[in-house]
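Student: I would like to go through this model and ask what stands behind each term.
Tutor: Go ahead; each answer will set a value against its definition.

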Amino acid sequence: MLMLLGLVLTLPVLHARLAAAGGPLIDWTAQRFGGYSAQGENLGAVTLTMLAFGVGAGLPLIALGMLSRARLMSLRNRMMSAGQGIKMALGGFLVAVGILILTGWDKSLEAALVAASPEWLTRLTTSF
């Protein structure tokens, strides 16, 4: 799945065809957490998750709205080209991680990174 997502991000033809898939994801998230809240389960966690989701979705829109139209239009081409480059890099990274997982090299890379990391970082990241 990881490599498939990476390929979709690196191939513009696939990305253009599947770009509309984000809408159903938002609907699914809202329905899933709405169901949890209707059942009365973990209301605090559901509230915090939906709050984080709403803030994360709303802040970029507020920031874009605050920019003037003229400034946004002058930045448009740079943002579009940067977005294409970042999308390609992310896709390549996901494909590389998928290859590491399929070959089993991810375990040796993880062991080397854990050995090189400070003890406090290892304790922090494994304590939860």
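Student: Which residues form a nonpolar patch on the surface?
Tutor: This is a predicted model. In it, Leu-48, Leu-51, Val-55, Leu-59, Ile-62 and Met-66 form the patch, and together they have about 650 Å² of accessible area.

Student: Why does Val-55 count as partly exposed?
Tutor: Its relative accessibility is 41%. Buried means under 20% and exposed means over 50%, so Val-55, at 41%, counts as partly exposed. The residue is found in helix α4, which covers residues 43–66.

Student: Why is Glu-119 called exposed?
Tutor: Its relative accessible area is 52%. The cut-off for exposed is over 50%, so Glu-119 counts as exposed.

Student: What makes the pair of Arg-123 and Glu-119 a salt bridge?
Tutor: Side chains of opposite charge can pair when their charged atoms come close. The closest N and O atoms of Arg-123 and Glu-119 are 3.9 Å apart. The limit is within 4 Å, so the pair counts as a salt bridge.

Student: How many salt bridges does the structure hold, and where do Arg-123 and Glu-119 lie?
Tutor: The structure holds one salt bridge. Both residues lie in helix α7 (residues 119–126), four residues apart, which is about one turn of the helix.

Student: What span is expected for helix α5, and what span does it reach?
Tutor: Helix α5 runs over residues 69–103 and has 35 residues. At 1.5 Å a residue, 51 Å is expected; from first C-alpha to last, α5 reaches 49 Å, which is close to that.

Student: Where is the kink in α5 centred?
Tutor: The kink is centred on Arg-76 and amounts to about 40°. That angle is taken between axes fitted to the seven residues ending there and the seven starting there.

Student: Which residues of α5 are buried, and what follows just after the helix?
Tutor: The buried ones are Leu-75, Lys-87, Gly-91, Leu-94, Val-95 and Gly-98. Just after α5 comes Gly-104, with a positive phi of about 85°.

Student: How many of the protein's elements are helices and how many are strands, and what percentage of its residues count as buried?
Tutor: There are seven helices and zero strands. Of the 128 residues, 10% count as buried.

Definitions and conventions: Residues are numbered from 1 along each chain as its sequence is written. This is a predicted model: local features need pLDDT of at least 70, side-chain atom pairs count only at pLDDT 80 or more; totals for chains, interfaces and linings use all residues. Side-chain values use heavy atoms; hydrogens and water are left out. Patches are made of residues with over 30% relative accessible area and no salt bridge: like charges are joined within 9 Å, nonpolar side chains (Val, Leu, Ile, Met, Phe, Trp, Tyr) within 5 Å. Accessible areas come from the Shrake-Rupley method with a 1.4 Å probe; for residues, only the protein chains shown count as cover. A salt bridge is a side-chain nitrogen of Lys or Arg within 4 Å of a carboxyl oxygen of Asp or Glu. Helices (H or I, at least four residues) and strands (E, at least two) are DSSP runs, numbered from the N terminus. Buried means under 20% relative accessible area, exposed over 50%, partly exposed in between (1.4 Å probe, protein chains only). The expected span of a helix is 1.5 Å times one less than its number of residues.
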